[in-house]
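These are my notebook entries on a single protein chain.

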Amino acid sequence: MERANIVLLDKAHVWHPYTAMEAYIAATQPLVIDRAEGCYLFDVDGKRYLDANGSWWVSTLGHRHPRLLRALTEQAGKLPHVSLAGITHEPAAALATELAAIAPGADRPEIPLAEKLTRVFYSDNGSTAVEVAIKMVAQYWAQNGRPRRTRFITLSGAFHGETLGSTSVGGVPLFREVFGPLLFDVVHVPSPAEEGGWERAFNQVQAALRENPEEIAGVIVEPVIQGASGMQMYSPDFLRAVREATRAVDTFLIADEVFTGLGRTGARFAVDLAGVVPDVLCLAKALSGGLMPFAATLASERLFSGFLGASSRALYYGHSYCGNPLGAAVAREVLAVYRTEDILGQVARKAPLVKAAFERMAASIPGLVRPRAVGMVGAVDLGGGGYLASGGWRVYEAAKRRGLYLRPLGDTVYIAPALNIPDSVLEELLSGVEESLREVAGG
(Lines give C-alpha, C1' and ligand atoms only; values in the text may rest on other atoms or scores of the structure.)
Protein backbone atom coordinates (compact mmCIF):
# COMPACT_ATOMS: atom_id res chain seq x y z
CA MET A 1 0.00 0.00 0.00
CA GLU A 2 1.27 3.50 -0.81
CA ARG A 3 2.27 5.82 2.01
CA ALA A 4 -0.52 8.31 1.26
CA ASN A 5 -3.18 5.61 1.46
CA ILE A 6 -1.84 4.29 4.78
CA VAL A 7 -1.89 7.78 6.29
CA LEU A 8 -5.39 8.38 4.95
CA LEU A 9 -6.71 5.23 6.62
CA ASP A 10 -4.76 5.99 9.78
CA LYS A 11 -6.18 9.47 10.16
CA ALA A 12 -9.69 8.22 9.46
CA HIS A 13 -9.67 5.49 12.09
CA VAL A 14 -6.64 5.19 14.40
CA TRP A 15 -6.68 6.93 17.80
CA HIS A 16 -3.01 7.31 18.74
CA PRO A 17 -1.59 7.18 22.28
CA TYR A 18 -0.32 10.37 23.90
CA THR A 19 -1.35 12.37 20.85
CA ALA A 20 -3.41 15.54 20.41
CA MET A 21 -5.50 14.07 17.63
CA GLU A 22 -6.93 17.27 16.12
CA ALA A 23 -3.47 18.66 15.48
CA TYR A 24 -2.25 15.26 14.33
CA ILE A 25 -5.01 14.85 11.76
CA ALA A 26 -4.64 18.42 10.52
CA ALA A 27 -0.89 18.74 10.25
CA THR A 28 1.21 15.72 11.18
CA GLN A 29 2.98 13.74 8.51
CA PRO A 30 3.75 10.60 10.52
CA LEU A 31 6.54 8.18 9.96
CA VAL A 32 5.09 5.14 8.20
CA ILE A 33 7.29 2.25 9.24
CA ASP A 34 7.44 -0.86 7.10
CA ARG A 35 10.11 -2.97 8.76
CA ALA A 36 12.84 -2.96 11.41
CA GLU A 37 16.28 -4.48 11.77
CA GLY A 38 18.73 -4.18 14.66
CA CYS A 39 18.80 -0.56 15.82
CA TYR A 40 17.01 0.79 12.74
CA LEU A 41 13.47 1.39 11.51
CA PHE A 42 12.72 1.60 7.78
CA ASP A 43 9.76 3.52 6.37
CA VAL A 44 7.67 2.54 3.37
CA ASP A 45 9.88 4.67 1.12
CA GLY A 46 13.00 2.86 2.28
CA LYS A 47 14.41 5.66 4.46
CA ARG A 48 16.29 4.44 7.53
CA TYR A 49 15.86 5.84 11.06
CA LEU A 50 18.04 5.01 14.05
CA ASP A 51 15.67 4.05 16.88
CA ALA A 52 16.93 6.13 19.81
CA ASN A 53 14.41 4.94 22.39
CA GLY A 54 13.97 1.28 21.53
CA SER A 55 10.38 1.93 20.37
CA TRP A 56 9.14 3.08 23.78
CA TRP A 57 11.85 1.25 25.71
CA VAL A 58 11.02 -2.33 24.74
CA SER A 59 13.62 -3.35 22.14
CA THR A 60 16.63 -3.62 24.42
CA LEU A 61 18.19 -6.24 22.16
CA GLY A 62 17.36 -4.41 18.95
CA HIS A 63 14.63 -5.26 16.48
CA ARG A 64 14.18 -8.79 15.19
CA HIS A 65 16.99 -10.41 17.14
CA PRO A 66 17.36 -13.75 15.30
CA ARG A 67 17.38 -15.85 18.46
CA LEU A 68 14.16 -14.27 19.70
CA LEU A 69 12.49 -14.76 16.32
CA ARG A 70 13.53 -18.41 16.35
CA ALA A 71 12.15 -18.95 19.87
CA LEU A 72 8.86 -17.29 18.89
CA THR A 73 8.52 -19.33 15.69
CA GLU A 74 9.33 -22.63 17.36
CA GLN A 75 6.85 -22.02 20.17
CA ALA A 76 4.13 -20.88 17.75
CA GLY A 77 4.52 -24.13 15.87
CA LYS A 78 3.98 -26.15 19.02
CA LEU A 79 1.70 -24.30 21.47
CA PRO A 80 0.71 -20.68 20.75
CA HIS A 81 -1.65 -20.31 23.69
CA VAL A 82 -3.39 -22.02 26.56
CA SER A 83 -4.82 -20.45 29.71
CA LEU A 84 -2.82 -20.64 32.92
CA ALA A 85 -5.86 -21.35 35.10
CA GLY A 86 -5.40 -24.85 36.48
CA ILE A 87 -2.98 -25.58 33.62
CA THR A 88 0.75 -25.08 33.27
CA HIS A 89 3.31 -25.44 30.50
CA GLU A 90 7.06 -25.60 30.20
CA PRO A 91 7.76 -21.99 29.11
CA ALA A 92 5.82 -20.49 32.04
CA ALA A 93 7.24 -22.87 34.65
CA ALA A 94 10.82 -22.63 33.39
CA LEU A 95 10.71 -18.84 33.04
CA ALA A 96 9.40 -18.38 36.57
CA THR A 97 12.25 -20.54 37.85
CA GLU A 98 14.81 -18.52 35.90
CA LEU A 99 13.40 -15.18 37.07
CA ALA A 100 13.46 -16.30 40.70
CA ALA A 101 17.08 -17.41 40.24
CA ILE A 102 18.24 -13.97 39.04
CA ALA A 103 15.94 -11.83 41.21
CA PRO A 104 17.52 -9.32 43.60
CA GLY A 105 18.85 -11.14 46.64
CA ALA A 106 18.55 -14.61 45.10
CA ASP A 107 22.28 -15.23 45.47
CA ARG A 108 22.59 -13.75 48.98
CA PRO A 109 22.45 -16.50 51.61
CA GLU A 110 21.88 -13.99 54.41
CA ILE A 111 18.46 -13.06 52.98
CA PRO A 112 15.75 -15.16 54.67
CA LEU A 113 13.63 -17.31 52.38
CA ALA A 114 10.50 -15.37 53.36
CA GLU A 115 12.04 -12.20 51.89
CA LYS A 116 13.25 -13.68 48.61
CA LEU A 117 11.34 -13.07 45.37
CA THR A 118 10.37 -16.68 44.76
CA ARG A 119 6.89 -16.31 43.23
CA VAL A 120 5.99 -15.05 39.74
CA PHE A 121 2.57 -13.80 38.61
CA TYR A 122 2.27 -13.19 34.88
CA SER A 123 0.33 -10.47 33.05
CA ASP A 124 0.63 -8.69 29.72
CA ASN A 125 2.17 -5.21 30.14
CA GLY A 126 3.81 -2.87 32.61
CA SER A 127 0.57 -1.26 33.75
CA THR A 128 -0.94 -4.59 34.70
CA ALA A 129 2.30 -5.75 36.33
CA VAL A 130 1.90 -2.78 38.68
CA GLU A 131 -1.85 -3.35 39.04
CA VAL A 132 -1.09 -6.91 40.13
CA ALA A 133 1.37 -5.61 42.72
CA ILE A 134 -1.17 -3.16 44.13
CA LYS A 135 -3.85 -5.85 44.43
CA MET A 136 -1.46 -8.38 45.95
CA VAL A 137 -0.34 -5.98 48.64
CA ALA A 138 -3.79 -4.59 49.44
CA GLN A 139 -5.37 -8.03 49.66
CA TYR A 140 -2.50 -9.37 51.76
CA TRP A 141 -3.13 -6.81 54.49
CA ALA A 142 -6.92 -7.15 54.22
CA GLN A 143 -6.84 -10.85 55.01
CA ASN A 144 -3.83 -10.99 57.31
CA GLY A 145 -4.88 -8.88 60.25
CA ARG A 146 -4.25 -5.30 59.11
CA PRO A 147 -7.28 -4.27 57.02
CA ARG A 148 -6.68 -0.54 57.59
CA ARG A 149 -3.56 -0.71 55.43
CA THR A 150 -5.04 0.60 52.19
CA ARG A 151 -2.87 3.62 51.30
CA PHE A 152 0.31 3.72 49.26
CA ILE A 153 3.18 6.19 49.38
CA THR A 154 4.30 7.31 45.93
CA LEU A 155 6.68 9.90 44.50
CA SER A 156 6.01 13.16 42.72
CA GLY A 157 6.68 12.63 39.03
CA ALA A 158 6.09 8.89 39.27
CA PHE A 159 4.64 7.01 36.34
CA HIS A 160 3.42 3.46 36.94
CA GLY A 161 1.05 2.82 34.06
CA GLU A 162 -2.37 3.39 32.58
CA THR A 163 -4.89 1.30 34.55
CA LEU A 164 -6.83 3.16 37.23
CA GLY A 165 -4.86 1.48 39.98
CA SER A 166 -1.49 2.29 38.47
CA THR A 167 -2.71 5.80 37.61
CA SER A 168 -3.67 6.26 41.26
CA VAL A 169 -0.09 5.67 42.39
CA GLY A 170 1.27 7.87 39.59
CA GLY A 171 2.58 11.34 40.25
CA VAL A 172 2.49 13.16 36.89
CA PRO A 173 -0.44 15.61 37.20
CA LEU A 174 -1.13 15.74 33.46
CA PHE A 175 -1.74 11.98 33.38
CA ARG A 176 -3.92 11.71 36.47
CA GLU A 177 -5.84 14.90 37.25
CA VAL A 178 -8.72 14.32 34.82
CA PHE A 179 -9.33 10.92 36.43
CA GLY A 180 -9.13 12.29 39.96
CA PRO A 181 -12.67 11.30 41.05
CA LEU A 182 -11.99 7.69 40.03
CA LEU A 183 -8.63 7.25 41.77
CA PHE A 184 -7.91 5.95 45.25
CA ASP A 185 -6.14 8.13 47.79
CA VAL A 186 -2.35 7.97 48.06
CA VAL A 187 0.36 9.83 49.95
CA HIS A 188 2.46 11.85 47.53
CA VAL A 189 5.97 12.84 48.61
CA PRO A 190 8.59 14.87 46.69
CA SER A 191 10.69 13.11 44.11
CA PRO A 192 14.23 12.32 45.28
CA ALA A 193 15.35 13.85 41.95
CA GLU A 194 13.91 17.26 42.86
CA GLU A 195 15.84 20.20 44.26
CA GLY A 196 16.75 19.51 47.85
CA GLY A 197 18.01 16.02 47.18
CA TRP A 198 16.93 12.57 48.18
CA GLU A 199 17.19 13.34 51.89
CA ARG A 200 14.24 15.75 51.69
CA ALA A 201 12.13 13.17 49.91
CA PHE A 202 13.12 10.44 52.33
CA ASN A 203 12.27 12.57 55.36
CA GLN A 204 8.71 12.86 54.08
CA VAL A 205 8.49 9.13 53.35
CA GLN A 206 9.71 8.39 56.84
CA ALA A 207 7.31 10.89 58.40
CA ALA A 208 4.33 9.39 56.55
CA LEU A 209 5.32 5.90 57.67
CA ARG A 210 5.78 6.92 61.29
CA GLU A 211 2.61 9.00 61.50
CA ASN A 212 0.30 6.41 59.96
CA PRO A 213 2.01 3.01 60.16
CA GLU A 214 -1.30 1.13 60.30
CA GLU A 215 -2.62 2.81 57.14
CA ILE A 216 0.30 2.36 54.75
CA ALA A 217 0.07 -0.76 52.58
CA GLY A 218 3.36 -0.05 50.86
CA VAL A 219 5.76 2.32 49.17
CA ILE A 220 6.09 2.15 45.38
CA VAL A 221 9.06 3.56 43.48
CA GLU A 222 10.68 3.59 40.06
CA PRO A 223 14.22 2.78 41.18
CA VAL A 224 16.93 5.33 40.29
CA ILE A 225 15.21 6.68 37.12
CA GLN A 226 11.72 8.16 36.87
CA GLY A 227 11.27 7.67 33.15
CA ALA A 228 8.08 9.30 31.90
CA SER A 229 8.46 12.41 34.04
CA GLY A 230 11.57 13.34 32.05
CA MET A 231 14.27 10.79 32.88
CA GLN A 232 14.64 12.17 36.40
CA MET A 233 17.52 10.41 38.15
CA TYR A 234 18.35 10.05 41.83
CA SER A 235 20.81 8.40 44.18
CA PRO A 236 20.49 4.71 45.13
CA ASP A 237 20.98 5.94 48.71
CA PHE A 238 17.29 6.88 48.68
CA LEU A 239 16.31 3.27 48.00
CA ARG A 240 18.45 1.98 50.84
CA ALA A 241 16.91 4.47 53.27
CA VAL A 242 13.35 3.69 52.15
CA ARG A 243 13.96 -0.06 52.43
CA GLU A 244 15.03 0.37 56.07
CA ALA A 245 12.10 2.67 56.80
CA THR A 246 9.58 0.16 55.44
CA ARG A 247 11.19 -2.59 57.49
CA ALA A 248 10.87 -0.46 60.62
CA VAL A 249 7.07 -0.39 60.31
CA ASP A 250 6.79 -3.82 58.63
CA THR A 251 5.25 -2.70 55.35
CA PHE A 252 6.02 -3.54 51.73
CA LEU A 253 8.36 -1.98 49.17
CA ILE A 254 7.27 -2.28 45.53
CA ALA A 255 9.94 -1.72 42.86
CA ASP A 256 8.49 -0.83 39.47
CA GLU A 257 11.29 -1.93 37.14
CA VAL A 258 9.18 -1.98 33.99
CA PHE A 259 11.58 0.59 32.49
CA THR A 260 14.77 0.04 34.45
CA GLY A 261 14.79 -3.75 34.72
CA LEU A 262 17.14 -6.06 32.85
CA GLY A 263 20.21 -3.95 32.40
CA ARG A 264 19.00 -0.47 31.52
CA THR A 265 20.95 1.14 34.37
CA GLY A 266 24.00 -1.08 34.06
CA ALA A 267 22.88 -3.46 36.80
CA ARG A 268 20.54 -6.37 36.13
CA PHE A 269 17.91 -4.52 38.18
CA ALA A 270 18.14 -0.90 39.31
CA VAL A 271 17.56 -1.94 42.93
CA ASP A 272 20.84 -3.87 42.68
CA LEU A 273 22.63 -0.52 42.53
CA ALA A 274 21.44 -0.01 46.11
CA GLY A 275 21.79 -3.61 47.26
CA VAL A 276 18.06 -3.59 48.04
CA VAL A 277 15.64 -6.52 47.88
CA PRO A 278 12.06 -5.26 47.48
CA ASP A 279 8.98 -7.25 48.46
CA VAL A 280 7.54 -6.95 44.94
CA LEU A 281 9.29 -6.42 41.60
CA CYS A 282 7.41 -5.45 38.41
CA LEU A 283 8.86 -6.34 35.00
CA ALA A 284 7.75 -5.89 31.38
CA LYS A 285 9.18 -4.09 28.30
CA ALA A 286 12.69 -5.62 28.02
CA LEU A 287 11.40 -8.94 29.35
CA SER A 288 10.09 -9.97 25.93
CA GLY A 289 12.55 -8.06 23.76
CA GLY A 290 9.98 -6.01 21.87
CA LEU A 291 8.29 -9.06 20.36
CA MET A 292 5.29 -9.74 22.61
CA PRO A 293 3.19 -7.94 25.23
CA PHE A 294 4.37 -9.79 28.33
CA ALA A 295 4.95 -8.95 31.99
CA ALA A 296 5.75 -10.50 35.33
CA THR A 297 5.27 -9.46 38.95
CA LEU A 298 7.70 -11.14 41.34
CA ALA A 299 6.58 -11.45 44.96
CA SER A 300 8.28 -12.54 48.15
CA GLU A 301 7.54 -15.88 49.73
CA ARG A 302 6.03 -14.02 52.68
CA LEU A 303 3.58 -12.17 50.45
CA PHE A 304 2.65 -15.37 48.63
CA SER A 305 2.05 -17.24 51.88
CA GLY A 306 -0.58 -14.69 52.87
CA PHE A 307 -2.87 -16.10 50.17
CA LEU A 308 -2.71 -19.72 51.31
CA GLY A 309 -5.58 -21.43 53.09
CA ALA A 310 -9.28 -21.21 52.28
CA SER A 311 -10.27 -20.61 48.66
CA SER A 312 -11.66 -17.21 49.62
CA ARG A 313 -8.06 -16.09 50.26
CA ALA A 314 -6.91 -16.67 46.66
CA LEU A 315 -5.83 -13.81 44.40
CA TYR A 316 -8.81 -13.65 42.08
CA TYR A 317 -7.11 -11.79 39.29
CA GLY A 318 -5.78 -12.71 35.87
CA HIS A 319 -5.78 -12.13 32.13
CA SER A 320 -6.68 -14.36 29.19
CA TYR A 321 -3.08 -14.18 27.93
CA CYS A 322 -1.54 -14.46 31.40
CA GLY A 323 1.74 -16.36 31.08
CA ASN A 324 1.09 -17.14 27.43
CA PRO A 325 3.54 -19.68 25.94
CA LEU A 326 4.72 -17.36 23.16
CA GLY A 327 5.72 -14.55 25.51
CA ALA A 328 7.22 -16.90 28.06
CA ALA A 329 9.32 -18.69 25.43
CA VAL A 330 10.61 -15.39 24.07
CA ALA A 331 11.36 -14.10 27.58
CA ARG A 332 13.39 -17.22 28.33
CA GLU A 333 15.44 -16.58 25.20
CA VAL A 334 15.88 -12.92 26.19
CA LEU A 335 17.46 -14.06 29.46
CA ALA A 336 19.64 -16.51 27.54
CA VAL A 337 20.85 -13.76 25.21
CA TYR A 338 21.72 -11.60 28.20
CA ARG A 339 23.90 -14.42 29.51
CA THR A 340 25.64 -15.52 26.33
CA GLU A 341 26.11 -12.10 24.73
CA ASP A 342 27.22 -10.42 27.98
CA ILE A 343 24.66 -7.64 27.70
CA LEU A 344 25.46 -6.22 31.14
CA GLY A 345 29.14 -6.14 30.23
CA GLN A 346 28.30 -4.27 27.05
CA VAL A 347 26.35 -1.68 29.02
CA ALA A 348 29.23 -1.24 31.49
CA ARG A 349 31.59 -0.50 28.62
CA LYS A 350 29.30 1.88 26.72
CA ALA A 351 27.64 3.77 29.59
CA PRO A 352 30.62 6.13 30.17
CA LEU A 353 30.42 7.16 26.50
CA VAL A 354 26.77 8.16 26.93
CA LYS A 355 27.49 10.10 30.11
CA ALA A 356 30.46 11.94 28.61
CA ALA A 357 28.52 12.86 25.46
CA PHE A 358 25.60 14.42 27.31
CA GLU A 359 27.91 16.34 29.62
CA ARG A 360 29.80 17.64 26.58
CA MET A 361 26.57 18.73 24.89
CA ALA A 362 25.42 20.68 27.94
CA ALA A 363 28.81 22.33 28.32
CA SER A 364 29.08 23.42 24.69
CA ILE A 365 25.50 24.19 23.56
CA PRO A 366 23.79 27.30 25.01
CA GLY A 367 20.54 26.75 26.89
CA LEU A 368 20.98 23.09 27.73
CA VAL A 369 20.71 22.21 31.42
CA ARG A 370 20.88 19.22 33.74
CA PRO A 371 22.84 16.68 31.74
CA ARG A 372 22.41 13.27 33.33
CA ALA A 373 23.01 9.62 32.57
CA VAL A 374 22.70 6.22 34.20
CA GLY A 375 23.67 3.13 32.26
CA MET A 376 22.39 3.43 28.70
CA VAL A 377 20.02 6.31 29.46
CA GLY A 378 21.22 9.85 28.75
CA ALA A 379 19.17 13.04 28.98
CA VAL A 380 19.36 16.82 28.87
CA ASP A 381 16.76 19.60 29.20
CA LEU A 382 16.09 22.63 27.00
CA GLY A 383 14.95 24.78 29.91
CA GLY A 384 12.14 23.77 32.25
CA GLY A 385 8.98 23.77 30.18
CA GLY A 386 7.77 20.35 31.24
CA TYR A 387 5.92 17.65 29.34
CA LEU A 388 3.80 19.95 27.16
CA ALA A 389 6.69 22.17 26.12
CA SER A 390 7.67 22.22 22.45
CA GLY A 391 11.46 22.54 22.57
CA GLY A 392 12.05 18.83 22.49
CA TRP A 393 9.76 18.46 19.51
CA ARG A 394 11.85 20.91 17.50
CA VAL A 395 14.81 18.67 18.25
CA TYR A 396 12.69 15.70 17.19
CA GLU A 397 12.14 17.28 13.76
CA ALA A 398 15.81 18.15 13.40
CA ALA A 399 16.78 14.61 14.35
CA LYS A 400 14.26 13.09 11.95
CA ARG A 401 15.89 14.97 9.08
CA ARG A 402 19.14 13.27 10.11
CA GLY A 403 17.63 9.81 10.19
CA LEU A 404 17.08 9.56 13.94
CA TYR A 405 13.84 8.66 15.71
CA LEU A 406 14.28 10.71 18.88
CA ARG A 407 10.91 11.08 20.64
CA PRO A 408 11.27 13.65 23.48
CA LEU A 409 9.50 14.06 26.81
CA GLY A 410 8.48 17.70 26.45
CA ASP A 411 11.68 19.70 26.82
CA THR A 412 13.66 16.64 27.80
CA VAL A 413 15.71 15.09 25.00
CA TYR A 414 16.94 11.63 25.86
CA ILE A 415 18.18 8.34 24.47
CA ALA A 416 17.42 4.81 25.66
CA PRO A 417 18.67 2.67 22.77
CA ALA A 418 19.16 -1.06 22.48
CA LEU A 419 21.66 -2.21 25.08
CA ASN A 420 23.62 -4.17 22.48
CA ILE A 421 23.89 -1.20 20.10
CA PRO A 422 27.17 -1.50 18.16
CA ASP A 423 29.84 1.06 19.03
CA SER A 424 29.74 2.66 15.59
CA VAL A 425 25.94 3.02 15.75
CA LEU A 426 26.12 4.50 19.26
CA GLU A 427 28.61 7.04 17.93
CA GLU A 428 26.22 7.80 15.06
CA LEU A 429 23.38 8.27 17.54
CA LEU A 430 25.27 10.55 19.92
CA SER A 431 26.62 12.68 17.06
CA GLY A 432 23.15 13.01 15.57
CA VAL A 433 21.65 14.04 18.91
CA GLU A 434 24.35 16.67 19.38
CA GLU A 435 23.91 18.06 15.87
CA SER A 436 20.14 18.23 16.33
CA LEU A 437 20.41 19.99 19.69
CA ARG A 438 22.94 22.43 18.25
CA GLU A 439 20.63 23.24 15.35
CA VAL A 440 17.71 24.03 17.67
CA ALA A 441 19.52 25.58 20.64
CA GLY A 442 22.33 27.25 18.73
CA GLY A 443 26.01 27.26 19.55
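This is a predicted model: local features need pLDDT of at least 70, side-chain atom pairs count only at pLDDT 80 or more; totals for chains, interfaces and linings use all residues.

The entries below record what I looked up, in the order of annotated sites, helix pairs and backbone angles.

**Entry 1**

**Entry 2: the annotated binding site**

I asked which residues UniProt lists under "binding site". The unreviewed entry gives G126, S127, D256, H319 and S320.

S127 sits in helix α6, which covers residues 126-142. Is S127 buried or exposed? Its relative accessibility is 11%, and it therefore counts as buried, the cut-off for buried being under 20%. Setting aside residues up to four places away in sequence, I found S127 touching H160, G161, E162, T163 and S166.

S320 belongs to the loop between α11 (301-305) and α12 (325-340). With a relative accessibility of 59%, S320 counts as exposed, since the class begins over 50%.

**Entry 3: the annotated lysine**

I looked up K285 next, where UniProt (unreviewed entry) places the feature "modified residue: N6-(pyridoxal phosphate)lysine". K285 is located in the loop between β11 (280-283) and β12 (295-300). The relative accessibility of K285 is 24%, so I recorded K285 as partly exposed.

Which residues does K285 contact, apart from its neighbours within four places in sequence? I listed W56, W57, V58, V258, F259, G290 and F294.

**Entry 4: α4 against α12**

The axes of α4 (residues 66-76) and α12 come within 9 Å and cross at roughly 150 degrees. Angles over 145 degrees count as roughly antiparallel, and α4 and α12 are therefore roughly antiparallel to each other. I recorded their crossing as right-handed.

On the α4 side, the contact is made by R67, L68, A71, L72, Q75 and A76. On the α12 side, P325, L326, A329, V330, E333, V334, A336, V337 and T340 take part. Sorted by class, this contact of α4 with α12 holds 11 nonpolar, two polar and two charged residues.

I also looked up E98, which is found in helix α5 (residues 90-102). At 19% relative accessibility, E98 counts as buried, because the cut-off is under 20%. Residues up to four places away in sequence aside, E98 touches R332 and L335.

**Entry 5: α9 against α10**

How are α9 and α10 oriented to each other? Helix α9 (residues 197-211) and helix α10 (residues 236-248) pack at an angle of about 10 degrees, with their axes 10 Å apart. The two helices are therefore roughly parallel to each other.

From α9, the residues W198, A201, F202, V205 and L209 meet D237, F238, A241, V242, A245 and T246 of α10. I sorted this contact by class and noted nine nonpolar, one polar and one charged residues.

**Entry 6: α14 against α15**

Helix α14 (residues 391-401) packs on helix α15 (residues 423-441) at an angle of about 125 degrees, and their axes are 8 Å apart. That makes α14 oblique to α15. I recorded the crossing of α14 and α15 as right-handed.

The α14 residues in the contact are G391, R394, V395, A398, A399 and R401, and those of α15 are S436, L437, E439 and V440. By class, I noted five nonpolar, two polar and three charged residues.

**Entry 7: positive phi angles**

Most residues other than glycine have a negative phi. I therefore looked up exceptions to this pattern.

Y18 is not a glycine, yet its phi is positive, at about 50 degrees. Y18 is placed in the loop between α1 (3-13) and α2 (21-27). Its relative accessible area is 33%, so Y18 is partly exposed.

S55 also has a positive phi, near 50 degrees, and is a residue other than glycine. S55 lies in helix α3 (residues 54-57). With a relative accessible area of 28%, S55 is partly exposed.

Methods:
Residues are numbered from 1 along each chain as its sequence is written. Side-chain values use heavy atoms; hydrogens and water are left out. UniProt positions are given in the numbering used here, feature names are shortened, and annotations may be inferred rather than shown by experiment. Helices (H or I, at least four residues) and strands (E, at least two) are DSSP runs, numbered from the N terminus. Buried means under 20% relative accessible area, exposed over 50%, partly exposed in between (1.4 Å probe, protein chains only). Contact means heavy atoms within 4.5 Å. Axes are lines fitted to C-alpha atoms, for helices over the stretch in contact, and angles run from 0 to 180 degrees between N-to-C directions. Angles under 35 degrees count as roughly parallel, over 145 as roughly antiparallel, 65 to 115 as roughly perpendicular and the rest as oblique. A crossing is left-handed if the near helix is turned anticlockwise from the far one by less than a right angle, and right-handed if clockwise. Ala, Val, Leu, Ile, Met, Phe, Trp, Tyr, Cys and Pro count as nonpolar, Asp, Glu, Lys and Arg as charged, and the others, Gly among them, as polar.
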